[in-house]
Amino acid sequence: MSITDLFEISAALIASVGSASLLIFGLSGWLGRVWAERLMARERSRYEKDIEELKSHLRLEAEKHLADIKTWLEVAKETHLKHHTDKITIYRVVIDMVSEMLRELETVAVGRKSSVSPEVLERFSVQRLRAYGYLAMLAPQTVMDRFDSLIELLLDVLYDGKKATWKEMRNLAIDLLNAIRADLGVAGESIEYR
């Protein structure tokens, strides 16, 4: 065996190992990409499933909260309407009481009666106390103040013999009506006697 033969054998060996290395390296690179793509697809699938579950959970939570808010709004609406209806009922009681007493005082003032009858005084006493309690439950302070001013004048006229003009009583009654209108949210300007 000569040196030339030895070199040829060595070169053949190196060439065959080099080709196999290149082939192995190429196959391992391809196999690595295939595995990586499969792993990525599996991970992507898992994350997409998790995202869909999260979306579904959030959608259900949002629908639940929306239903709760709708229920709360419905209750608030019903409560507000009931409250408003109660105010109107109470204000009507007050207006009926005040108008009856003003009518009685007018009949005395024009001479159709000499004085307000004890029955009317008794009814007024009960109604004003009841009206005050009703107003105290729902009316704002502005309505209470106007009611108090009018009732104090009527009590002074009825029990203390104070002389009051029709204009004074009418103006206090109109002030009460305007406070009631404002509380009820009646649009427009205040009413006045012209």
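Reader: What makes Lys82 count as exposed?

Author: This is a predicted model. The relative accessible area of Lys82 is 53%, and exposed means over 50%, so Lys82 is exposed.

Reader: Why is the pairing of Lys82 with Asp86 called a salt bridge?

Author: The closest N and O atoms of Lys82 and Asp86 are 3.2 Å apart. The criterion requires a Lys or Arg side-chain nitrogen within 4 Å of a carboxyl oxygen of Asp or Glu, so the pair qualifies. Lys82 and Asp86 are 4 residues apart in helix H1, about one helical turn.

Reader: Why is Asp86 called partly exposed?

Author: Its relative accessible area is 27%. Partly exposed covers values between the buried limit of 20% and the exposed limit of 50%, so Asp86 belongs there.

Reader: How do you know whether Glu104 is buried or exposed?

Author: Glu104 has 3% relative accessibility; buried means under 20%, and therefore Glu104 counts as buried. Glu104 also forms a salt bridge with Lys113, with the closest N and O atoms 2.7 Å apart. Lys113, at 32% relative accessibility, is partly exposed.

Reader: How do you know that the length of helix H2 agrees with its residue count?

Author: At 1.5 Å a residue, the 21 residues of H2 should span 30 Å, and its end C-alpha atoms are 31 Å apart, which agrees.

Reader: What makes the buried residues of H2 line one face?

Author: Viewed down the axis of H2, the buried residues fall within an arc of 120°, so they line one face of the helix. Among them are Val120, Phe124 and Leu135.

Technical notes. Residues numbered from 1 in each chain as written. Predicted model: local features only at pLDDT ≥ 70, side-chain atom pairs only at ≥ 80, totals over all residues. Heavy atoms only, no water. Buried < 20%, exposed > 50% of the residue type's maximum accessible area, 1.4 Å probe, protein only. Helix = DSSP H or I, 4+ residues; strand = E, 2+ residues; numbered from the N terminus. Expected span 1.5 Å × (residues − 1). Arc of directions from axis to C-beta.
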